[in-house]
Amino acid sequence: MLFCCLFVYGFADAQMEIQPYGATPSERQLAWHDIEVYGLIHFTPTTFEDKEWGYGDADPKIFNPTHFDADQIVKAAKAGGLKGIILVAKHHDGFALWPTQTTGYNISKSPFRNGKGDMVKEVQLAAQKYGLKFGVYCSPWDRNNPEYGTADYLSVYQAQLKELYSNYGNLFMSWHDGANGGDGYYGGARETRNIDNTVYYDWKNTWNITRKMQPMANIFSDVGPDVRWVGNEKGHAAETSWATFTPLAPEGKNEAVPGQANYPQSPTGIRNGQFWMPAECDVPLRKGWFFHAQEKPKTPEALFDLYLKSVGRGAGLDLGLAPDTRGQLHEDDVAALQTFGMMIEKTFANNLAKGATIKTSNSRDQVHIPANLLDNDQHSFWATSDNVHQASLEINLPVPQTFDIISLQEFIPLGQRIEAYTIEVFNGKVWEKIYDGTSIGAKRLIKLTHPLTTDKLRINITESPVCITLSELGLYKKTIL
């Protein structure tokens, strides 16, 4: 036990010698990066109306999923490789999926479970049962509430968040989007109500509630503060992807606010941004966020491609799941998720670089050695000396291997440091460059245009403003099912 303690303290001391670069992730953000892929469930009376946006005037009695099965939904998500589930506890239509004290427009007024149901609790318990993290989305816009647009509504919304934060365990995300105000039912007024989203929701104090009650919940919105929107609903980040960002205040305002979706830098992030604010790439499994019988889910091949272009660019993939009117995921969706999950699992089960020897042009010391790149431990890493900002790694494989995916991971607790690199393979005669890269970050998955076979490759890190840290390296062959 004493030896273990000394080793841990010794490693921590060695790590502390390396100064962080720029903005770095918090503990909750590091936990978010580990999840990689999660789901966002849309299921309200809007499902039964066959719409994408509910107006807020649907009779609660139409919400009657007679075969709702939270286990079926969560098991399908887990089979797809998802590690977290966010439930839309209240969408813009204002219908609450838990028996809230804040509005009469809630699940207790529906036939579901004879008016005794709590769908948020059922999904939370299913997520807990199958080992997935749980989060919630409670829309700030409420097209049903007669108080929306007035000063009295904020206390209603904050009370809803407090109920969700109090009664459904530890949350990994509190999710918010930029839909704010417009036409609605509003208790029968049937009118358009516009609000100033820079001040109306008092986000500073509203999110203080999140921080106090759910300190490990990452807050997602268009401009963070923990996770930013990637700027599209296509499920992919830019080829160059920085986890740092500096939100700018709208004209005439003092600070940035949720709902600002007009950032051209959202897909790429901002190099040397003020905050660690990685991107979430949200995309529905089908065409729409709610279930529509005429739509089909994306193919496993398409989902795999999105994985490479989201998680494989240092972002997170948020996949929209839409239960049908039974209250279950359609069989087509279940099959697509299962095959996608199997593709991910089988592709990345075997690191073909395992057993390789790595020669480096520089290593910092006897702790931050190149062997750390192959130990399957993201908490260990290779590093260069402080004054060494360029380096090469030559990977010599025991036998030739055929691969078409190269995986690289930086040690992000010390920031995103690498700015440019090249990859070469030895073709038996000369070194041949196969890739020019820029960002790496939490994870970079490089999909080659065709499989290559070699026993030797080289990574040349050509630009970094500070010493280099690299945590993991992998070679993989895509599995096609």
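## Salt bridges

A salt bridge here is a side-chain nitrogen of Lys or Arg within 4 Å of a carboxyl oxygen of Asp or Glu. By this rule the count comes to 24 salt bridges. The model is predicted: local features need pLDDT of at least 70, side-chain atom pairs count only at pLDDT 80 or more, and totals for chains, interfaces and linings use all residues. Residues are numbered from 1 along each chain as its sequence is written, and side-chain values use heavy atoms, with hydrogens and water left out.

One of the salt bridges pairs arginine 28 with aspartate 226, with the closest N and O atoms 3.2 Å apart. This pair links distant parts of the chain, 198 residues apart. Arginine 28 sits in helix H2, and aspartate 226 in the loop between strand E7 (218-221) and strand E8 (227-229). Helices (H or I, at least four residues) and strands (E, at least two) are DSSP runs, numbered from the N terminus.

## Two domains

The protein is divided into domain 1 (27-348) and domain 2 (357-476). These bounds come from an automatic or database domain assignment. The domain centres, taken over C-alpha atoms, are 36 Å apart.

## The domain interface

Contact (heavy atoms within 4.5 Å) involves 20 residues of domain 1 and 19 residues of domain 2. The area buried between the domains is about 1700 Å², and carbon and sulfur atoms give 55% of it. Buried area is the accessible area (1.4 Å probe) that two parts lose on being put together, summed over both. Arg271, Trp276 and Phe348 supply 28% of the area that domain 1 buries against domain 2, more than any other three residues.

Between domain 1 and domain 2 the count is 3 salt bridges. Arginine 271 also meets glutamate 419 in a salt bridge (2.9 Å, N to O).

## The largest pocket

The largest pocket has a volume of about 1100 Å³. A pocket is an open set of points on a 1 Å grid over the protein atoms alone, where a 1.4 Å probe fits, with protein on both sides within 12 Å along at least five of seven lines. Grid points are joined across faces, edges and corners, and the volume is the space filled by probe spheres set on the points.

The lining (residues with an atom within 4 Å of a point) has 45 residues, and Glu36, Asn376, Gln378, Gln409 and Lys443 lie nearest the pocket centre. H2 gives the most to this lining, with 5 residues.
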